[in-house]
Amino acid sequence: MLRFLTAGESHGPLLSGILEGMPAGLPISSSDIDKELARRQEGYGSGGRMQIEKDHGRITGGVMNGITTGGPIGLIVENHDWKNWATRDIAPMTVPRPGHADLAGAIKYGYRDLRLALERASARETAMRVAVGAVGKRLLDELGITIGGYVTEIGGQVATFVEPSDYPARFAAAEASDVRCPDPEAAERMREVIRQAKIDKDTLGGVIEVVALGLPPGLGSHVHYDRRLTGRLAGAVCSVPSIKGVEIGPAFANTRWPGTQVHDPIMLDEDGRLTRASNRAGGLEGGMTTGEPLVVRAAMKPISTTLTPITSVDLASGQASQTVYERSDFCATPRAVAVIEAVIALVLADEMLRKLGGNSLDEIRPRLAALRQSRLSDLPMDNEPWQFGYK
Ligand code: EPS
């Protein structure tokens, strides 16, 4: 239902995006987009580029007088750094950085200078994904769904959380932290290891947890592989530069326990609602939402542009060489929280539209109210023997 494209280079004039498939009647303004763009720019451990940029999302189509028309939504984010590149003679780049797209990109596209790979592979592109994702978030917000995220780990420093989880409190605490970590004691340790990485001329990665609250049960589907929400979410999260791993709930920890201790017991409360004693499934069963909080975790590798050179080969001379440093982030994990939220918001907004259909919010709202929920009364059972009936 929802499709989007992005275009633009890291140091070119601007990033552009088109989001197609949003229903009519959704209020949206540049300030909704700028709020998310600012979250992507803030974070302890970011490099010099973020001092240059002040990202602003300009809406160029599909929104008239602050309301979506149902047409494709056009977006632009300018690169302020462009003024430093527009007329500059650019030094050749012939030493590929291990971990970046430089070498594989040049092999694939036959580039005669590695910068062509760098420009499009750069995580600058995620500014546009956050802008597009802000529109997706706006729709979800209108449908009663909240998405928030936080850092759980940086450079081996792990946050601890009290259970049962108070997610809104965690989101709020993360917003107040420059490493986006709700645990103040762990946040201080994270700051310390980032400070040390700067001294050591190195970089650090981490783990991000994003949670969606208020989702109805039954988004996604078990009936076909490409409709399983688990796969759609994993694909979206791993499409973000530097993200090399994803898990739904405590998926890796679940592998260490027997099934009886992993699966979330189903209970019926006094109001006739089917509830869960725990949420180790992370809100997904059979590729569908259960109605419990959706918990997605992303593993982010350390940024591959390091101040300390890494061994490589100069492709122009064929000689062994060391990587050349221009500028980068020391730790981009706090900033990446907004990016992971954005890509998840776009998948979930798409799933909501698949579930509800409708070309305008006026059509969608009553359909939302009529959705089947996890109540016993929503699930009448025949409770009789039956046959497959194939001939
Ligand atoms: C990036 C390198 C840095 C980052 C950039 C991603 O940019 P520059 O080379 O201009 O210093 O700051 O991220 C952004 C520009 C951004 O907006 O997030 C890279 O090589 O991937």
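1. Axes here are lines fitted to C-alpha atoms, for helices over the stretch in contact, and angles run from 0 to 180 degrees between N-to-C directions. Helices (H or I, at least four residues) and strands (E, at least two) are DSSP runs, numbered from the N terminus. The structure is a predicted model, in which local features need pLDDT of at least 70 and side-chain atom pairs count only at pLDDT 80 or more, while totals for chains, interfaces and linings use all residues. Residues are numbered from 1 along each chain as its sequence is written, and side-chain values use heavy atoms, with hydrogens and water left out.

2. Helix 11 (residues 333–356) and helix 12 (residues 361–369) have axes that come within 10 Å and cross at roughly 80°. The two helices are therefore roughly perpendicular to each other (angles under 35 degrees count as roughly parallel, over 145 as roughly antiparallel, 65 to 115 as roughly perpendicular and the rest as oblique). Met-352, Leu-353 and Leu-356 of helix 11 make the contact with Ile-364, Arg-367 and Leu-368 of helix 12; contact means heavy atoms within 4.5 Å. These residues divide into five nonpolar, no polar and one charged (Ala, Val, Leu, Ile, Met, Phe, Trp, Tyr, Cys and Pro count as nonpolar, Asp, Glu, Lys and Arg as charged, and the others, Gly among them, as polar).

3. Which residues touch the most other members of the largest nonpolar core? They are Ile-340, Ile-344 and Leu-348, in a core of 75 residues. Helix 11 gives the most to this core, with 15 residues. Another core, of seven residues, lies apart from it and includes Ala-174, Val-211, Leu-213 and Val-295. A nonpolar core is a set of buried Ala, Val, Leu, Ile, Met, Phe, Trp, Tyr and Cys residues joined through side-chain atoms within 4.5 Å; buried means under 20% relative accessible area, exposed over 50%, and partly exposed in between (1.4 Å probe, protein chains only).

4. Beyond its neighbours within four places in sequence, Ile-344 is in contact with Ile-147, Val-210, Leu-233, Val-237 and Val-296. Helix 11 lies across strand 7, strand 9 (206–213), strand 10 and strand 15 (294–300), and runs at about 145° to strand 7.

5. An open sheet of five strands has the order 8-7-9-15-10, with antiparallel pairing; two strands pair if DSSP finds at least two bridges between them. Strand 8 (157–158) and strand 10 (243–248) stand at the edges with a single partner strand each, so one side of each is left without a neighbour in the sheet. Strand 7 (residues 146–154) pairs with strand 8 over two bridges, and Ile-154 has Gln-157 of strand 8 as its bridge partner.

6. Four strands form an open antiparallel sheet in the order 1-2-6-3. Its edges are strand 1 (3–7) and strand 3 (57–61), each with a single partner strand, so one side of each has no neighbour in the sheet. Neighbouring strands are turned by 20° against each other on average, direction ignored. Six bridges join strand 2 (residues 14–20) to strand 6 (residues 73–78); Gly-17 has Leu-75 in strand 6 as its bridge partner.

7. Helix 1 (residues 30–41) lies across strand 3 and strand 6, at about 140° to strand 3. Helix 5 (residues 126–142) lies across strand 1, strand 2 and strand 6, at about 140° to strand 6.

8. Val-130 belongs to helix 5 and is buried, with a relative accessible area of 1%. Leaving aside neighbours within four places in sequence, Val-130 is in contact with Glu-36, Leu-37, Arg-40, Ala-338, Val-339 and Ala-342.
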